[in-house]
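Trainee: Could you show me how to read surface patches and ring pairs in a model like this one?
Mentor: Happy to! Let's look together.

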Amino acid sequence: MIAAIAFYVFAAILLVSAGMVVSARNPVHSVLFLILAFFNAAALFLMAGAEFLAMILVIVYVGAVAVLFLFVVMMLDINFAELRSRFQQFLPIGLAVGVVLLLELCLVLGGWSLAPNSAAMRTLPIAPDVQNTAQLGRVMYTDYILLFQAAGLVLLVAMIGAIVLTLRENRGASRRQSVARQVARNPGNTLEMVDVAIGAGVTMADIRRPLPEATALEHAGHGHDSHDDDHGHGHGGEH
C-alpha cells in the first residue's frame, strides 16, 4: 500500500515537472523543473529495483548535464524577447512538423505487437548472490562490449565535431609564445642602457616597458650609436 502511494506521488510529480519544463517562461525555471523530474524518475527506478539506473540518472544527468544546462542558460546573453517575437512567424511550420511526428508515432504504435515469447527473450538468468550492478556490468562488458565501444566512439566523434564547429580562433585577442622568435631576436631590440644620476633614484618614468615590434625594429636600426655612448659611462649607471 505504501509502495503504491509512493509510486503515484513520484509519477504525478514527474509528469507535472515535465510539463513545466516545456511551459515555463523562464529558462532557468525550466532547468530547475528538469532537475526535479530527474530526481522523481530516479525514485521510480529505485522502487523498480534498478538502483544502478537511479544512481546514474542522479549523478550523470542531474550532477553534470542539468547543471551544465543551468550554467549555460545563466551565462549566455540570450535575448528571449526577440525569440518570443518570432514565435508567431514559425508557428505554422512547427505545427506541421508536430503533426507529421504524431502521425509517425501513431503508425508505429498501431503496427507494433508483442511476440509470444518476448518475455522469455528479454530476461537473463540472474544469480541470487550477485548484485544488480555487477550483473549489469557482466552483461554489458561481455555480450554487448562491441556495441558499448561503438556507442563510445559515436559520442567521441560528436564531441569532437561540436568542438570543431564552435571553436573560433582569434589571433588578435590571444597572445601565444613563439620560441623561435624569442631565440632569433636581437638583444639590442629589447635591451636599453640608461644613464641614471647618482642619488636620483628610480621613478615611474624611468621604468621601461618592452617596445612594440615595429618600434623595436626602428630603434634597432638607428640606435646603435647611442648604445655605444652609454657603454662609456660607469658601471654604476647600468640597469
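Mentor: First, a rule for patches: they are built from residues with over 30% relative accessible area and no salt bridge, and nonpolar side chains are joined within 5 Å. Keep in mind that this is a predicted model.

Trainee: Which residues make the nonpolar surface patch here?
Mentor: Leu 153, Leu 156, Met 159, Ile 160, Ile 163, Val 164 and Leu 167 make a patch of about 700 Å².

Trainee: Let me pick Ile 163. Where is Ile 163 found?
Mentor: Ile 163 sits in helix H8, which covers residues 145–166. Its relative accessible area is 48%, so Ile 163 counts as partly exposed.

Trainee: Now the rings. What describes a pair of aromatic rings?
Mentor: Two things: the distance of the centres and the angle of the planes. Planes over 60 degrees apart count as edge-to-face.

Trainee: How many aromatic pairs does this rule give?
Mentor: The count comes to three. One of them joins Phe 7 and Tyr 8, with 5.5 Å centre to centre and 75° between the planes, an edge-to-face pair.

Trainee: How accessible are Phe 7 and Tyr 8?
Mentor: Phe 7 is partly exposed at 41% relative accessible area, while Tyr 8 has 59% and therefore counts as exposed.

Trainee: What about Tyr 141 and Phe 148?
Mentor: Tyr 141 and Phe 148 also form an edge-to-face pair, 5.1 Å centre to centre with 75° between the planes. Tyr 141 is partly exposed at 46% relative accessible area, and Phe 148 is partly exposed at 35%.

Terms used. Residues numbered from 1 in each chain as written. Predicted model: local features only at pLDDT ≥ 70, side-chain atom pairs only at ≥ 80, totals over all residues. Heavy atoms only, no water. Patch = residues over 30% accessible without salt bridge, like charges linked within 9 Å, V, L, I, M, F, W, Y side chains within 5 Å. Areas by Shrake-Rupley, 256 points an atom, 1.4 Å probe, with all protein chains shown as cover. Salt bridge = Lys/Arg side-chain N within 4 Å of Asp/Glu carboxyl O. Helix = DSSP H or I, 4+ residues; strand = E, 2+ residues; numbered from the N terminus. Buried < 20%, exposed > 50% of the residue type's maximum accessible area, 1.4 Å probe, protein only. Phe/Tyr/Trp six-rings, centres within 6.5 Å; stacked < 30°, edge-to-face > 60°.
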